[in-house]
Amino acid sequence: MAEPIVAGVAESDLGETPDRNWLDNAAIATVRALEDAGCSLSDVDGVAVAGGDDYMPALVLSEYLDLDDPSFLEGTEIGGSSFEHFCGHVGDAMARGEADVVVIAYGSTRKTGPGSEQSLEETHPIDGFVRPTGLFRPPGAYAMAARRHMHEYGTTEEQLAEIAVSTREWASMNPKAAHQDPIAVEDVLESRRIAEPFNLLDCCLVSDGGGAVVLVSEEKAGELDVPRVSVAGVASTSTHRQDISEMPDMTTTGAAVTGPKAFEQAGIAHDDVDVAQIYDSFTYTALVTLEDLGFCEKGEGGAFVEGGTTAPGGELPMNTQGGGLSYCHPGHFGVFVLIEAVRQLRGDYTGERQVDDAEVAVAHGTGGLLSSSSTVVLRREA
Amino acid sequence: MSAPVEDRREEWDGPVPVPTGATAPFWAATLEGELRYQQCDCGNRQLYPRAVCTACGAEDPPFAASEGVGTIYTYTVCHVPGEPGFAERTPYVVGAVELAEGPRLLALIDADPESLEVGAPVAVTFWQVSDDAAIPVFVPA
Ligand SMILES: [Zn+2]
């Protein structure tokens, strides 16, 4: 894999975008990210899209943007981790000289748009086993995994809540975040029950919105006046999909595989990581991922996040835009994980919002029902 | 084994299984109060039913009857209905049950949430929800 350079990142409008569809939001994010990169639409020769409400999203976005001969097309759907996964394929394509400017894009109207639920018709033999249980997915599925973690390791609801609290602290400094008012552990514990052990504040919010990341080749980066943030390591895997009971061990995710691979590829150790953007569809998602990536021992995620470890000023700044729990969550959050990692490495912020001299970031995506994992290591070059 | 099969066709408003292909023998057995899993000649045991064995690749691995008992691997109490027909049932319990024979199965647990814990023994019963299928529902054993 060549190491692509991230030249630009952007979001579309977030929150509620009733006059837009998923494609509008993906396209708006794309043109804003290109502007951020100092590129134009005519430079784009590759498109990678996932999660759009269309089964040929890369073709649809290419047409919408009227791209001329896009040579790299990618639409692998592995849920929220798709965008991290794309980074590796883009690197391969650039190594082959297949593309120089690739846009990774996402858009949705998860909040105001028509439901994206599939029809009641069975699409998989497992549906007959899962749907009649009435399990509220995804929250109930993640909650079952969290319950097992609590049983095996003594993790507590208070510890899960710490993640929501720390994340909200970061969100309070982000004008784009949906929820900015500080919260305490008690607020999380007293919020409405959703699927035990999760309460409302253990769960990501639901919003509209889109995001895009522009990756360019080494050669193209030389022509642009952008800070050099490179993709230094990427790895992906999956453990299951449709049914959480198919997950081999609900207390260990695919991040236990992808973390070590991506770290090794990038040649980094945990001490080198200055900032972490960890998919937080639920508090447990972030907690178990921190363990599996090796930031603490297995089973010690609860103790690790106590005392503001991932909050502003903490040892491991995490989800510094407010995460899926407080900033936005239009369904596939993975693209926003990359965007924030890049902004931190470029030093885009001021004050406490900016992690001091951040040089190495980890961006981790999770998809499905804890089903897929993809880890990206990003590095700011001198 | 033969577990109780309760006829709930009249009151069931939730999704119903659609027996097809590899799952048809499983659902047919549920109407008789039998919980089946696939037991391949290679020794592998699996659920949900598939057209191939996930260990050796054999096609259409044969079915065997489960004793219908197991333990709760984990569970959640749903306070928000996840499917049509579940609104009046909240809160209700969904568990991942580890059968004594090995395979794991997602299922409704018909029990007081307060009385449950991970590792607790459970036994299968069936609720017939259509002419073609009875869903496995577990109760404390
Ligand atoms: Zn076999």
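Tutor: Buried area is the accessible area (1.4 Å probe) that two parts lose on being put together, summed over both. This is a predicted model, where local features need pLDDT of at least 70, side-chain atom pairs count only at pLDDT 80 or more, and totals for chains, interfaces and linings use all residues. Residues are numbered from 1 along each chain as its sequence is written, chains are lettered from A and ligands numbered from 1 in the order in which they are written, and side-chain values use heavy atoms, leaving out hydrogens and water.

Student: How much area do chain A and chain B bury between them?

Tutor: The size of an interface is often given as the accessible area lost when the parts come together. Carbon and sulfur atoms carry 62% of it here. The total for chain A and chain B is about 2900 Å².

Student: How many residues of chain B are in contact with chain A?

Tutor: Contact means heavy atoms within 4.5 Å. Chain A brings 33 residues. On the chain B side, the count is 36.

Student: How many residue pairs are in polar contact between the chains, and which element of chain A gives the most to that side?

Tutor: A polar contact is a pair of N or O atoms within 3.5 Å; within protein, one must be able to donate a hydrogen and the other to accept it, and residues adjacent in sequence count only if both atoms are side-chain atoms. There are 17 such residue pairs between chain A and chain B, both residues at pLDDT 80 or more. Helix H4 (127–130), helix H5 (139–153) and strand E5 (193–195) of chain A each supply at least two residues of the side touching chain B, with helices (H or I, at least four residues) and strands (E, at least two) being DSSP runs numbered from the N terminus. Giving six residues, the top contributor is H5(A).

Student: Where does Pro132(A) lie, and is it buried or exposed?

Tutor: Its place is the loop between H4 and H5 of chain A. Leaving aside neighbours within four places in sequence, Pro132(A) contacts residues including Asp127(A), Trp12(B), Phe86(B), Leu108(B) and Ile135(B). Buried means under 20% relative accessible area, exposed over 50%, partly exposed in between (1.4 Å probe, protein chains only). Pro132(A) has 2% relative accessibility, so it counts as buried.

Student: How many salt bridges join chain A and chain B?

Tutor: A salt bridge is a side-chain nitrogen of Lys or Arg within 4 Å of a carboxyl oxygen of Asp or Glu. Glu83(B) pairs with Arg131(A), closest N and O atoms 2.6 Å apart. Glu246(A) pairs with Arg50(B) at 3.1 Å, N to O. The count between the chains is two.

Student: Which loop of chain B holds the Arg50(B) end of the pair with Glu246(A)?

Tutor: Arg50(B) counts as buried at 16% relative accessibility, while Glu246(A) is partly exposed at 23%. Their side chains meet in a salt bridge.

Student: How far apart in sequence are the parts tied together by Glu11(A) and Lys176(A)?

Tutor: Glu11(A) is buried at 5%, whereas Lys176(A) is partly exposed at 44%. They form a salt bridge, with the closest N and O atoms 2.6 Å apart. Glu11(A) lies in strand E1 (residues 5–11) and Lys176(A) in the loop between helix H6 (157–171) and helix H7 (185–190), so the pair ties together parts whose separation is 165 residues.

Student: Which side chain makes a polar contact with the side chain of Arg343(A)?

Tutor: Arg343(A) sits in helix H13 (residues 334–346) of chain A. Arg343(A) is buried, at 12% relative accessible area. Its contacts beyond four places in sequence include Val9(A), Lys176(A) and Tyr349(A). At 2.9 Å, the polar partner is Glu11(A).

Student: Which four residues donate to the zinc ion?

Tutor: Donors are N, O and S atoms within 2.8 Å of the metal (3.2 Å for Na, K and Ca); water is not among the atoms, so sites may look incomplete. The donor spacing in sequence is C-x1-C-x10-C-x2-C. Each donor is an SG atom 2.3 Å from the zinc ion, and the residues are Cys40(B), Cys42(B), Cys53(B) and Cys56(B).

Student: What geometry does the zinc site have?

Tutor: Four donors count as tetrahedral if all angles lie between 85 and 135 degrees. Angles among the four donor atoms run from 105 to 113 degrees, and the site is tetrahedral.

Note on methods. Four donors count as tetrahedral if all angles lie between 85 and 135 degrees; four count as square planar and six as octahedral if opposite donors are over 155 degrees apart and all others between 65 and 115; anything else is irregular.
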